[in-house]
Amino acid sequence: MRRILPAVCLAVCLMTAASLAAQDLQLPATIAAGSELTIPTSGSGAATFYLIGPSYLAKRQVQLGQEIHIQPREVRSAGRYTAVLRGGGSSQSGSFYVVAAKPASLSFLAHPSRIPVAQRDGVIGVAFVFDKWHNLVRRPETVDFRLAAKDAPPVAQSVRSRDGAAWILMTSAHKAGNAKFVAALDGIEETRVIQQVAADPCHLQIRAERNAKGVLVQTAPVRDCSGNPVSDGTVVTFTANGPQGLSTVDVPIKKDIAQAELQIPGPATISVASGVVMGNEVKVGGQQ
Amino acid sequence: MKLAVLLVLATIAFLILGFAFPVHQAATPGIVSGEALPGVGGSTNTPEAAVRSLLGDVQAHAWSHAYSLLANTNDVPEEAFVHDVNGNYGSLRTFSSLEGSRTRVLNQSGDQALVRADMHWSTAVGPIYDVKELKVVQQGGAWKIVWPLEKQPTVPPQVVPVNYLRWDVISRGPQDDWGTQNVDSPQVRIVSMNAVQNGSTLVIVGEVVNEDTVPAFVDINAILLGKNGQDLDQESSFDKIQHTLLPKQVSPYRIDFPGFNLGQVKSVRMDAKAMLVPASADPVIAVLDQHEQTNVLGRKVLSGNLLNESGRVVNIAQVLATYYDSNGKVIWVSDGYVDRALLPQTPEPFAVDMPDNTVGKVQSYRVTVSHYIREQS
């Protein structure tokens, strides 16, 4: 009996202490950002309530036995929240997670802003899904991407987002011009403009005509391989090789045509190039 | 304490020695520093002395006295002589000064002589060497110089319409949202690269093209990597490139690594940086009559004429010459500045060096021109 009594006393003390120790608050595991939340309490008397979140901290006096109302504005940021209630000689706590609410906006990055036509997988679009309070919506959502150029059928594709991001590679159209690149989700749309420009010149052709001043050299309308006129300002190099030496001039295209007057008195072979593309050669005779 | 006193005494001794026995600085190899030129009013009792006296006046900017040393003042107005020597129209010569010269009498008979003057001009972009062979005649007991003034063709008054394309840039500002699309940098591509050993300097040469539809300001950097992958050195093309490239324009580049040789290098990492800049397609400069020749100093040069086809003055022009071998590989890039302004519709000669190690290997060449117009800066 004498050996058992201390053990019994110790057990009773421990059980009493345990009953007086912190008890968990009744909290949901997760709530959506901006939702209202009520936390039931028991007991009586005044207590202090603390709410600690990723971007929020609150402390207020509450009455035990009454519900604690968490306002929507207090749980806007997604993340882990800890609630602590201290009063009546005891402390209770718990935690819950706030997840993003329903999608409300898209951040859409499109690259590049300028691309040659017919470039396979050259257009990159990345969309980030956010809720009303700029939380990243990490659950999968279906984002619709659409690339539409003037006078060309639009190309569309849907992508499921992963951890808040959806991305896609698309091929630029064969026709030059501004194309609208749209990312859409549940009525939310973001539009970017991609400038589809002509690719490298194709089939560079020149003709040369001797006049009083020298030789007038002119290209045919310069087009890329898809038939798009090459941008004005693109440089075309004319080279004339004759007895007096080599003459070259870099001329920008104006209204689809590049033209130059080379002061060459004698016979010459004239060639043309633009970037890394070469055109035909023309032979001209000397001045008479 | 003793050491401190010793150091002070040694310093005083060296100072005294320095003042008592000054050391004349030796001439930098390869640069014509030449003889010291006399001040204003030097002797003209020999042909060489007359030329040195003239150059001394030029160095001192004593134009009136220099003009008085000319024999053909009837044919050469003073203003034209001053412009010819000192430059005009904001040319590179106007930002230069005569650093030094060497003179040599090529031949002399009776009252005529031919004197070669090798002049070293110090300019804003580095040294420029000029050689003139001056005819000198004896007049009234003094030797005078017949100044070779080249009469420039006058361009008749006319209107030159400028309707070439011009690009301006509007970038994203601080008020724009994150994610708002900005204008992308231009796409440029290095189309060739070749490493060449030139004496004790490793040189990287090649070409770069602007593949985009907008103008680009381009610079090329190269990093030499050693056998263990460590960075040996990093250099940029600096001014051995045509920085502003219009769409589809090709420029050569050259990057020098002094003190390195090919055996030390395992690989080279190249980086082409391009920035979107405002630009204009005007002026168009033609490069005419390019040919190889040997100059008066016996050096191989690539020479020709530049023709400014626009209606305004190009203040400073830089010529970049690319040399190719029989396989079309770039084997050298040389450059030179034209120290005269390019007047509208007026040919201006140029010449750039062809290094000795390329002579005989060059199958073809291509010349491009960079330009600087003061009012655009």
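## Conventions

The model is predicted: local features need pLDDT of at least 70, side-chain atom pairs count only at pLDDT 80 or more, and totals for chains, interfaces and linings use all residues. Residues are numbered from 1 along each chain as its sequence is written, and chains are lettered from A, with ligands numbered from 1, in the order in which they are written.

## Chain B overall

Chain B holds four helices and 19 strands. Helices (H or I, at least four residues) and strands (E, at least two) are DSSP runs, numbered from the N terminus. The C-alpha trace of chain B spans about 80 × 80 × 50 Å along its principal axes.

Of its 377 residues, 31% count as buried. A residue is buried if 20 or more other C-beta atoms lie within 10 Å of its own, exposed if 12 or fewer, and partly exposed in between; C-beta atoms are placed from the backbone. Among contacts in chain B with a separation of 6 or more, 64% link residues 24 or more positions apart. Two residues are in contact if their C-beta atoms, placed from the backbone, lie within 7 Å.

## Domains of chain B

Chain B is divided into domain 1 (47–146), domain 2 (183–280) and domain 3 (285–376). These bounds come from an automatic or database domain assignment. The centres of domain 2 and domain 3 of chain B, taken over C-alpha atoms, are 20 Å apart. Their contact takes 14 residues from domain 2 and 12 residues from domain 3.

On the domain 2 side, β6 (188–198), β7 (201–210) and β11 (250–258) of chain B each give two or more residues. By class, that side has four nonpolar, seven polar and three charged residues. Ala, Val, Leu, Ile, Met, Phe, Trp, Tyr, Cys and Pro count as nonpolar, Asp, Glu, Lys and Arg as charged, and the others, Gly among them, as polar.

## Domains of chain A

Chain A is divided into domain 1 (4–99), domain 2 (103–197) and domain 3 (201–284). Here the centres of domain 2 and domain 3, over C-alpha atoms, are separated by 40 Å. Six residues of domain 2 of chain A are in contact with four residues of domain 3 of chain A. The domain 2 side has four nonpolar, one polar and one charged residues.

## Sheets of chain A

One open sheet has five strands in the order β9-β15-β14-β11-β12 (chain A), with mixed pairing. Two strands pair if DSSP finds at least two bridges between them. β9 (114–116) and β12 (155–160) of chain A stand at the edges with a single partner strand each, so one side of each has no neighbour in the sheet. Twist averages 25 degrees from one strand to the next; axes are lines fitted to C-alpha atoms, for helices over the stretch in contact, and angles run from 0 to 180 degrees between N-to-C directions. Nine bridges join β14 (177–185) and β15 (188–197) of chain A, which run antiparallel. G177(A) has Q196(A) in β15(A) as its bridge partner.

Another open sheet has three strands in the order β17-β18-β22 (chain A), paired antiparallel. Its edges are β17 (206–210) and β22 (259–262) of chain A; each has a single partner strand, so one side of each is left without a neighbour in the sheet. Its twist averages 20 degrees from one strand to the next. β18 (215–219) of chain A pairs with β22(A) over four bridges. L216(A) stands opposite E261(A).

## A hairpin in chain A

Strands β23 (268–274) and β24 (277–284) of chain A run antiparallel, joined by six bridges. A273(A) has M278(A) in β24(A) as its bridge partner. Two residues lie between the strands of this hairpin, and G275(A) takes a positive phi near 65 degrees.

## The A–B interface

The contact between the chains takes 28 residues from chain B and 28 residues from chain A. On the chain B side, β14 (285–294) and β19 (364–372) each supply at least two residues. β14(B) gives the most, with six residues. The chain B side has 14 nonpolar, eight polar and six charged residues.

β21 (245–252) of chain A and β14(B) run antiparallel, joined by three bridges. T248(A) stands opposite V287(B) in β14(B).

## Nonpolar cores

The largest nonpolar core has 117 residues. Such a core is a set of buried Ala, Val, Leu, Ile, Met, Phe, Trp, Tyr and Cys residues joined through C-beta atoms within 7 Å. Those with the most contacts inside it are V215(A), F238(A), I270(A), L306(B), A317(B), V319(B) and A321(B). A second, separate core of 19 residues includes A50(B), V58(B), A66(B) and V115(B).

Leaving aside neighbours within four places in sequence, L306(B) is in contact with nonpolar and charged partners, including V287(B), A317(B), E348(B) and F350(B).
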